[in-house]
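Dear colleague,

Please find the structure that I promised to pass on, together with my notes on what came out of going through it. I would be glad if you read the notes with the coordinates open beside them.

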Amino acid sequence: MDLFSFIDCANRTQSLSDLFDLLVGSAADEGFGQVAYGALNYEETVRLPDHPMPAIALNFPLDWRKHYFERKYHEIDPVVRRTAFHSRPFLWDQLLERRQLQDGERLVLHEGREAGLKHGVSVPLFGPSGRISVLSFASSFEDADPVRHLKHLHAMACQFHVAFGELARPAAGKKAIELSQRERECLKWTAEGKSSWDIGIILKISENTINFHIKKAMRKLGTNSRTVAVVRAIRLGLIEIPGLAGPSMSAWIDTPCV
């Protein structure tokens with residue numbers, strides 16, 4: 001499934017379990033069908049069944065899950081411990097290459113590989129009030145190349161995180177969001193891969209004015225990230241990007257998901 005189709009399907013999904021199944025299926029097409037989504041510094045009250053905290057949703061091998069939680073590996077897992085220090089996706093193989101990992105942290109990664117999680121990539125996800133989540137993709141294939149699929153997995157993680165949050169929030173707690181015409185234009189061109197300078201040339205206004213409108217839109221959409229602002233605006237039907245896919249899509253996903 002291409003990225004635009006994934007976003008379109010995620011926007012239409014009204015079930016948390018269906019949304020997770022969509023993510024798993026799309027990640028599996030990339031060779032990374034083992035997926036874990038967790039809340040690191042807060043308790044998410046909405047979780048899929050039988051997923052103990054800090055997990056919100058995961059499909060890692062059942063034996064590994066049992067082993068992991070019985071030994072409280074989430075307390076020493078380097079992915080859990082070190083996500084907050086990353087602003088961008090990071091590879092598990094890169095964690096192993098770092099000498100500062102403690103023995104227990106290395107043990108978790110090595111035992112995970114033995115359980116079938118050969119290569120993995122984790123995407124830090126930051127929410128309101130300092131909330132930190134992480135979405136990890138793992139592959140059971142020894143020759144899997146996470147670098148090759150990094151941008152696609154990153155974009156899917158951002159979209160899933162936004163969609164999950166929208167579905168998990170009670171309807172009564174949702175406020176209608178209104179964007180000005182200029183704010184919508186700025187987000188639309190951002191989604192097309194344009195920088196603030198580019199948008200200023202297109203709209204014939206200053207770069208500072210473009211940044212002003214984008215920041216206002218980000219505040220209304222409850223994020224500090226242009227990436228998530230675009231994703232959230234698309235999901236809420238505030239902007240439409242017909243046929244958006246390929247290079248233009250990858251141009252705006254290469255930023256932290258905040």
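Over the ring of which residue does the charged end of Lys 188 sit? The ring is that of Trp 189, with the charged end 4.8 Å from its centre, where a charge is taken to sit over a ring if NZ of Lys or CZ of Arg is within 6 Å of the ring centre and within 35 degrees of the ring normal.

Before the rest, some words on how to read the values. This is a predicted model, in which local features need pLDDT of at least 70 and side-chain atom pairs count only at pLDDT 80 or more, while totals for chains, interfaces and linings use all residues. Residues are numbered from 1 along each chain as its sequence is written, and side-chain values use heavy atoms, with hydrogens and water left out.

On confidence, the protein averages a pLDDT (the predictor's confidence in each residue, from 0 to 100) of 86, and 91% of the residues score at least 70. Over residues 245-252 pLDDT stays under 50, and for these residues the model has 18 contacts (heavy atoms within 4.5 Å) beyond four places in sequence. Where pLDDT is low, the predicted coordinates should not be read in detail.

The domain assignment, whose bounds come from an automatic or database source, gives domain 1 (3-168) and domain 2 (181-244). Their contact takes 11 residues from domain 1 and 10 residues from domain 2, and the two centres, taken over C-alpha atoms, are separated by 28 Å. Between them the domains bury about 960 Å², 62% of it on carbon and sulfur atoms; buried area here is the accessible area (1.4 Å probe) that two parts lose on being put together, summed over both. Asn 11, in helix α1 (residues 3-12), touches Gln 159, Ile 234 and Arg 235, not counting residues up to four places away in sequence. Helices (H or I, at least four residues) and strands (E, at least two) are DSSP runs, numbered from the N terminus.

Turning to the aromatic rings, a search of the whole structure finds 8 aromatic pairs, defined as rings of Phe, Tyr and Trp (its six-membered ring) whose centres lie within 6.5 Å, with planes under 30 degrees apart stacked, over 60 edge-to-face and the rest tilted. One of the pairs is formed by Tyr 37 and Phe 164, which are edge-to-face at 5.3 Å centre to centre, with 70 degrees between the planes. This pair links distant parts of the chain, since Tyr 37 is in strand β1 (residues 34-39) and Phe 164 in helix α7 (residues 150-168), 127 residues apart. Tyr 37 has a relative accessible area of 3% and is therefore buried (under 20%, with exposed over 50% and partly exposed in between; 1.4 Å probe, protein chains only), and Phe 164 is buried at 2%. Ring pairs also link Phe 20, Tyr 37, Phe 160 and Phe 164 into a cluster.

In helix α8 (residues 181-191) lies Leu 187, which is buried at 1% relative accessibility and has among its contacts beyond four places in sequence Leu 179, Ala 217 and Ile 239.

Finally, two backbone angles deserve a look. Lys 72, in the loop between α3 (62-70) and α4 (78-82), has a positive phi near 55 degrees, and Lys 204, in the loop between α9 (196-203) and α10 (207-220), has a positive phi of about 60 degrees.
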